[in-house]
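These are my notebook entries on a single protein chain. I record what I looked up, in the order in which I looked.

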Amino acid sequence: MRIISGKYGRRRFDVPTNIKARPTTDFARENIFNVLSNMIDMDGMTALDLFAGTGAVTFEFASRGCRRVVAVENYPVQYKFICKVAEQLKADEVLPVRGDVFKYLQNAGEKFDIVFADPPYDLPGFNEIPRKVIDSGVIAPGGVFIMEHPSTSDFSSITGAIDHRRYGSVNFTIFKIE
């Protein structure tokens, strides 16, 4: 895993071979972060990474100036890897949370400026995730929500959808929540 830019940029970490995740490719991650950087100034923002996997997106948010980044991951191998990388970077702004994303959304109790979700594409109810995230209230007014998805999913009709980006086989729908 490589952190692309910012204060932790160019750092590399060996991902465990037994990880149960489909990490966002460096190419797709670099491009979506370029889009986000042109939309918002991440400095001092709060971010939530749902289905955090390897934590690549989490650490990109932290590296680019987010003051608090919560990474929610259910699988122990991925969770431990995120904790290990946060410790190695001394990234105090990163808070790994081991648990179910949907339970977290029900009990979060805080709002975030940026929310990113990269669920497993075969997760039952996958196409309902954007509405669940938006309806949960975790996105602050004026906040941005990014949903990573396969090309077979179309979220353009959901209120707040403002952009769709495709990088190879990786698709992102960006929502602006008012």
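**Entry 1**

In which sense do β1 and β2 pair, and over how many bridges? I found that β1 and β2 pair in the parallel sense, over five bridges. Two strands count as paired if DSSP finds at least two bridges between them. Helices (H or I, at least four residues) and strands (E, at least two) are DSSP runs, numbered from the N terminus. I noted that the model is predicted: local features need pLDDT of at least 70 and side-chain atom pairs count only at pLDDT 80 or more, while totals for chains, interfaces and linings use all residues. Residues are numbered from 1 along each chain as its sequence is written, and side-chain values use heavy atoms, with hydrogens and water left out.

One bridge I traced joins Ala47 to its partner Val69 in β2. I then followed the chain and found that β1, α2 and β2 make a right-handed β-α-β unit. A crossover is right-handed if, with the strands pointing away from the viewer, the path from the first strand over the helix to the second runs clockwise. The chain also crosses from β2 through α3 to β3, and this β-α-β crossover is right-handed.

**Entry 2: the sheet**

I looked up β2 and β3 next; they run parallel and are joined by five bridges. Glu73 has Arg98 of β3 as its bridge partner. Five of the six residues of β2 are buried, so this strand is largely enclosed by the rest of the structure. Here buried means under 20% relative accessible area, exposed over 50%, and partly exposed in between (1.4 Å probe, protein chains only).

What is the order of the strands in the sheet? Seven strands form an open sheet in the order β3-β2-β1-β4-β5-β7-β6, and the pairing is mixed. β3 and β6 (161–167) stand at the edges with a single partner strand each, so one side of each has no neighbour in the sheet. The twist averages 15 degrees from one strand to the next. Axes are lines fitted to C-alpha atoms, for helices over the stretch in contact, and angles run from 0 to 180 degrees between N-to-C directions.

Tyr167 has Val170 of β7 as its bridge partner. I then looked for helices on the sheet. α3 packs on the sheet, touching β2 and β3, and its direction makes about 165 degrees with that of β3. Helix α5 (residues 129–136) also packs on the sheet; it touches β1, β4, β5 (139–149) and β7, and its direction makes about 165 degrees with that of β5.

**Entry 3: helix α2**

How many residues of α2 are buried? Helix α2 (residues 56–63) is mostly covered, with eight of its eight residues buried. Elements that cover these buried residues include α1 (26–39), β1 (46–50), β2 (68–73) and α3 (76–89). Contact means heavy atoms within 4.5 Å.

The axes of α1 and α2 come within 12 Å and cross at roughly 40 degrees. The two helices are therefore oblique to each other. Angles under 35 degrees count as roughly parallel, over 145 as roughly antiparallel, 65 to 115 as roughly perpendicular and the rest as oblique. The contact is made by Arg29, Phe33 and Leu36 of α1 with Ala56, Val57, Glu60 and Phe61 of α2. Just after α2, I found that Gly65 takes a positive phi of about 105 degrees.

**Entry 4: single residues**

I looked up Phe51, in the loop between β1 and α2. Phe51 has a positive phi of about 60 degrees although it is not a glycine. Is Phe51 buried or exposed? Phe51 is buried, with a relative accessible area of 14%.

In the segment before α1 I looked up Arg10. Phi of Arg10 is near 70 degrees, a positive value in a residue other than glycine. Arg10 counts as exposed, at 75% relative accessibility.

Gly9 is also placed in the segment before α1, and at 22% relative accessibility Gly9 counts as partly exposed. Leaving aside neighbours within four places in sequence, Gly9 is in contact with Ile3, Ile4 and Ser63.

Lys20 and Gly53 are 33 residues apart in sequence and 7.6 Å apart in space, C-alpha to C-alpha.
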